[in-house]
Number of protein chains: 4
Amino acid sequence: MSDNTFGTLIRLTTFGESHGPALGGVVDGFPSGIAIDMDFIRSKMARRRPGSTTLGTKRQESDEVEILSGIYNGITTGSSIGFIIRNTSQRSSDYDAIADKFRPGHADYTYQMKYGIRDPRGGGRSSGRETSCRVFGGALCELLLREEGIEIGAGVVAIGRTRASGYSWNPPFPPPLYAPSCPEYEEMAEEIKRAQSDQDSVGGIVECRVTGMLPGLGEPTAGKLDADLAGAIMSIGAVKGIEFGSGFRSAAMRGSENNDQMRIDGGRLSFLSNNAGGILGGISNGNDIIMCIAIKPTPSIAREQKTINLGMENTPIKVEGRHDPCIAIRAVPVVEAMTALVLADKLCIARAYAR
Amino acid sequence: MSDNTFGTLIRLTTFGESHGPALGGVVDGFPSGIAIDMDFIRSKMARRRPGSTTLGTKRQESDEVEILSGIYNGITTGSSIGFIIRNTSQRSSDYDAIADKFRPGHADYTYQMKYGIRDPRGGGRSSGRETSCRVFGGALCELLLREEGIEIGAGVVAIGRTRASGYSWNPPFPPPLYAPSCPEYEEMAEEIKRAQSDQDSVGGIVECRVTGMLPGLGEPTAGKLDADLAGAIMSIGAVKGIEFGSGFRSAAMRGSENNDQMRIDGGRLSFLSNNAGGILGGISNGNDIIMCIAIKPTPSIAREQKTINLGMENTPIKVEGRHDPCIAIRAVPVVEAMTALVLADKLCIARAYAR
Amino acid sequence: MSDNTFGTLIRLTTFGESHGPALGGVVDGFPSGIAIDMDFIRSKMARRRPGSTTLGTKRQESDEVEILSGIYNGITTGSSIGFIIRNTSQRSSDYDAIADKFRPGHADYTYQMKYGIRDPRGGGRSSGRETSCRVFGGALCELLLREEGIEIGAGVVAIGRTRASGYSWNPPFPPPLYAPSCPEYEEMAEEIKRAQSDQDSVGGIVECRVTGMLPGLGEPTAGKLDADLAGAIMSIGAVKGIEFGSGFRSAAMRGSENNDQMRIDGGRLSFLSNNAGGILGGISNGNDIIMCIAIKPTPSIAREQKTINLGMENTPIKVEGRHDPCIAIRAVPVVEAMTALVLADKLCIARAYAR
Amino acid sequence: MSDNTFGTLIRLTTFGESHGPALGGVVDGFPSGIAIDMDFIRSKMARRRPGSTTLGTKRQESDEVEILSGIYNGITTGSSIGFIIRNTSQRSSDYDAIADKFRPGHADYTYQMKYGIRDPRGGGRSSGRETSCRVFGGALCELLLREEGIEIGAGVVAIGRTRASGYSWNPPFPPPLYAPSCPEYEEMAEEIKRAQSDQDSVGGIVECRVTGMLPGLGEPTAGKLDADLAGAIMSIGAVKGIEFGSGFRSAAMRGSENNDQMRIDGGRLSFLSNNAGGILGGISNGNDIIMCIAIKPTPSIAREQKTINLGMENTPIKVEGRHDPCIAIRAVPVVEAMTALVLADKLCIARAYAR
């Protein structure tokens, strides 16, 4: 089965392959009466589009969104919002040489095993191009969240062996690296360039923070906020791990260190730390949500690798074409989008129970 | 809202509080004609029950399951399987002294913010006791998975600052530590005892592996196997992070290192490594699934901490009573159960599309 | 597959067979802070329980509900509400003689075909006894709806060939017939008695009206209010048809007759008729919801009928035991309950989008 | 909320307004490896499109479907199938005169109440034009069902006061009336013409039958086959009632008449009647499914009616423009489509549990 619908009340359903005529989808359950700021949406789309960063793929797509329904005179009507994004820069011939080979680290083999058929042009449905639709849906959701003062920002905090340090958090972080300003900024960029010149690729870590959070979002036990965020973000291609707050570090900690103690000062609650990353028992506590996300190196590399082909024979493969040497940087707006989708849905659910 | 239903075709819905009369739930969509091995189920329940390990809580519960429907003459009928687990060892008076205080690191504050009311006895719905129902549902699902040769095993691989090394993987791992045999076994146990004698608690890491996997499980893009596993496992209380395969390490790697190259030998496919942790593009590749899960230290500690009360005043708190000094060890069977629930559901979906 | 979960935000999941130890379920997503009036709930349960009417089955069940979670000090906590209803008056030996025969008009054959196995005691899961759980869930939902002034009432308006006329609508309608006062009341009761003395059964029609409706409930196009009500009510055993407002009569009408024209008088909107039955475009218009529901005659009759057995041989069958000669009357509280479940869920969704 | 997704495994999500640029949607969870017969799909679309019958609207739309994904070299890949249908014959000026008036019998008022905003051009989302997307999804599903020998046919069996009699069932029934051949055929057509010349409209009844059914489809108790069919068909605009088999007539029957007795002859099971309409206990019994559906008269009529406007003032209204004088005839392919969507989904679920 394929399943391309995210969300409970606000739902995003998507379709489209890397080299088909268009991608697109439906945003359903979106509230009526919201003014749609197309400049904001375009700015979000531009952040992710191929060609947005000099450190990314050479493919150029404008990722122009055509909205087909659900908006009347610039205002949402409450009806389902259909949209498409035309592909314009396909170069399917890039894939002729490897059409019958399974690229290591790619979904070629698993799609073939699952569906018994596969669109070999550029990854088909498993291509990162599908995330353009997520960014559109996420941008709509951000408009909702902003009404409540909730702001989402993500940035690259590690590339390969180089980890950012001492940075302050003031998103949105610009290209080419979508990283906060830090002493390691240039070295992180160099990691990418070196990988590329080695006909290789490199991984990275994306951090995402949500500020202005309301307490009370999340539905225990099966719809916990951290569980749904983890599921949504893990569904982005190339993501291999996620942690909240002190995350894996908390495993090495004592309770007395890790617990976020609480304090009232002048009628205002504060937590003395944020090891929880803003979520306790699957419900937001009002503190900033903090997540770290591990992104594997792009599997498409020009170096020769061992693989097999459709005929189940051993064969070498070199994946040439136009690939991002480090997919982590273009994952930044996608992480923001998936976070927005989950939070807007949870916000909407919370409103149903407000009193 | 509360949402306590996991799954698409095979679904587990649960209820119950730590100090109420009973916990329980419904397993729905379970196939008919499956012989229910009650000894197997009891052994799974026994692994998780309070009192199962000398390194855990002093609370003693037998966690006897009463099955109320869906099984006739020992065979599943295909109808919904209702079950309850009576609480027998409540000692609600333990909570009298702290009933109006929000325990740091607990869900007390977030439940109060979300629902405007809270059952203060032992954590109510946010208590780890709810996982008993997950273990029951998971045990049923394991019976299904075993028909296909799929086996799930989890074990503790780190406690506090002590990480297991050089272990071989032969689950199920027994109490007291639910860890593989390794040079650090005793030191891991000592970490727990030291934390306890310090009136403190400590975190840990659980590893989970699935062997005998079929390729083709998982539903891109919104129901990817890793995304659904991440969501299911992150929904277990105290889990703060999860990674698949090389996980966070992959972020520091090159594509040429991280890609799992493929080889046919004697007609049999093998991957030359398993950095993917058995999942590519959200679909299983037939390789073992490997996950690492970060578990925070138990928030309930007898040491004095700073907090606030219902009246929004500052107050110290000491959480006394019967608590696990390290919740990671009792999380082991729960991780196995959630993995089983996801995989059985995905298996069932895959069967719908088999040809 | 079996699927026993109704609803989107407020969800009822049920289990239990006619002759098993207990039925029960989980009400999930129910708002917190609602005082639970147990007398009201018991009165609803009593309306449906076997033995509630002299015109029904001789089986006597008290249908005592044991609530296991989700309520603390008489107030809902927002967590899932687990409940069970013990069976106390099983007489499974009634079914020994027909255990391997498929009762005509029953689900025996279809369950056997679907699941390859069947609990032959009293209909197992397909028994009307499962509706006790729906009535519990519905009663909780009615408590919510009453906060908004929404009231649900159903009554029998036809038995066999006798149709009530000239009745006024003042529910709840009492046993034995659960019908409004009308000239045909006695004749309707006689239809049932005659059928029973003929070792036969008889069908009937239930009308349901909802007053005090809010406009705006219902989610086009897949969650329309009338569609969801139709689905929920059609899921009650023995229901074979449903219509809204002028229903099948509208098929014979002109638009100029059937359209409900509108009028403002003293600032108050009124519709000049209610052929729509309170729903337009799948959304409530504030007018009363009016539904008519066709209930087939009870399939269990003592008369000899032709059927086949598990061995696929022809055989006669006489279904003896304790059956309702007319199931329509005991369907009344179940229709009310399913209506309440749908409306409370829709109300909750509407609140999520209120501004 | 709007909710535009039908189905569990095979899901259709739609969008689009009558006078927007395009309608469209996503078919998700559709099996891979199915050859798509575009001629078949076009023939289905052509049956419903405006202009398909001389007894319908004068609006002409080609309803050309552009498929954007999920099909590669004419074969489904298992990925989500995106599609759009451009509107080409909008004449929005038709609505200028009534843009601020609520048309009686329409969803204008309820959309305004629900969403606080409304697209006044031709009904917006509540227009029958949205059903074009359902017909596309249904046509795909019919391709699946045909592999199993399941065939769906619907036809008009009553218009206004004229009911077809003595017809034999050999669908597909052609325009202009989409009715089986019968003595009343011309009179039914006359009912429509008379209504039209009276500046009025008229209702009708559609019958739908499914032949070649498999036993075992349907998921008790919340996903019963008849319940899901009722919900899906009731979600079509203008449907006001539905019944299965003997339906409302069963309410007047005795059990001994209404029960479908069973017989084995030469190893083959037959039912001696089909009052159940092919469904018992919410599960198909292998007999033909038979449904009757009440369609109200088109609410748009040129006659003057009383209504109110956005300013909540009384006003007369005449709905001019290009309307179907009897929507029942164009509902025929939509009923077929919704039936196909439900059955294909249920078939897919049944396959998951086949052994």
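A salt bridge here is a side-chain nitrogen of Lys or Arg within 4 Å of a carboxyl oxygen of Asp or Glu. I looked up A:R254 with that rule. A:R254 forms one with B:D200, and the closest N and O atoms are 3.8 Å apart.

**Ground rules**

I am working on a predicted model, where local features need pLDDT of at least 70, side-chain atom pairs count only at pLDDT 80 or more, and totals for chains, interfaces and linings use all residues. Residues are numbered from 1 along each chain as its sequence is written, chains are lettered from A and ligands numbered from 1 in the order in which they are written, and side-chain values use heavy atoms, with hydrogens and water left out.

**Chain A against chain B**

I started with contacts, meaning heavy atoms within 4.5 Å. Chain A brings 102 residues to this contact, and chain B brings 102 residues. Next I took buried area, which is the accessible area (1.4 Å probe) that two parts lose on being put together, summed over both. Chain A and chain B bury about 7,900 Å² between them. Carbon and sulfur atoms carry 57% of that area.

I then asked how many salt bridges the rule finds across the interface of chain A and chain B. The rule finds six. For polar contacts I used a pair of N or O atoms within 3.5 Å; within protein, one must be able to donate a hydrogen and the other to accept it, and residues adjacent in sequence count only if both atoms are side-chain atoms. Across the interface of chain A and chain B, 51 residue pairs are in polar contact, both residues at pLDDT 80 or more.

Which helix gives the most to the side of chain A that touches chain B? I found helix α2 (residues 108–115) of chain A, with six residues. Helices (H or I, at least four residues) and strands (E, at least two) are DSSP runs, numbered from the N terminus. That side of chain A divides into 47 nonpolar, 34 polar and 21 charged residues. My classes: Ala, Val, Leu, Ile, Met, Phe, Trp, Tyr, Cys and Pro are nonpolar, Asp, Glu, Lys and Arg are charged, and the others, Gly among them, are polar.

I also checked strands across the two chains. Two strands pair if DSSP finds at least two bridges between them. Strand β11 (residues 239–244) of chain A and strand β11 (residues 239–244) of chain B run antiparallel and are joined by three bridges. A:G241 has B:E243 as its bridge partner in β11(B).

**Chain D against chain A**

I count 42 residues of chain D in contact with 42 residues of chain A. The area buried between them is about 3,200 Å², with 56% from carbon and sulfur atoms. On the chain D side, D:F15, D:L68 and D:Y72 lose the most area to chain A, together 19% of what that side buries.

The rule finds four salt bridges across the interface of chain D and chain A. I looked up D:D3 and A:R11, whose side chains meet in a salt bridge (3.6 Å, N to O). Elements of chain D that give two or more residues to the side touching chain A include β2 (11–15), β3 (22–28) and α2 (108–115). I sorted the residues of that side into 15 nonpolar, 17 polar and ten charged.

**Folds and sheets**

Chain A holds eight helices and 18 strands. Its radius of gyration (over C-alpha atoms) is 21 Å, close to the 20 Å of the globule rule (2.2 Å times the number of residues to the power 0.38) for 355 residues, so chain A is as compact as a globular protein of that length. The C-alpha atoms of chain A fill a box of roughly 70 × 50 × 35 Å along the principal axes.

β2(D) and β3(D) are joined by five bridges. D:T13 has D:V26 as its bridge partner in β3(D).

Most residues other than glycine have a negative phi, and most peptide bonds are trans. I noted a cis bond from B:P171 to B:P172, with omega near 0°. B:P172 is in the loop between β9 (162–163) and α4 (185–197) of chain B. Another cis peptide bond joins B:P220 and B:T221. B:A238 is not a glycine, yet has a positive phi of about 80°. I placed B:A238 in the loop between α5 and β11 of chain B.
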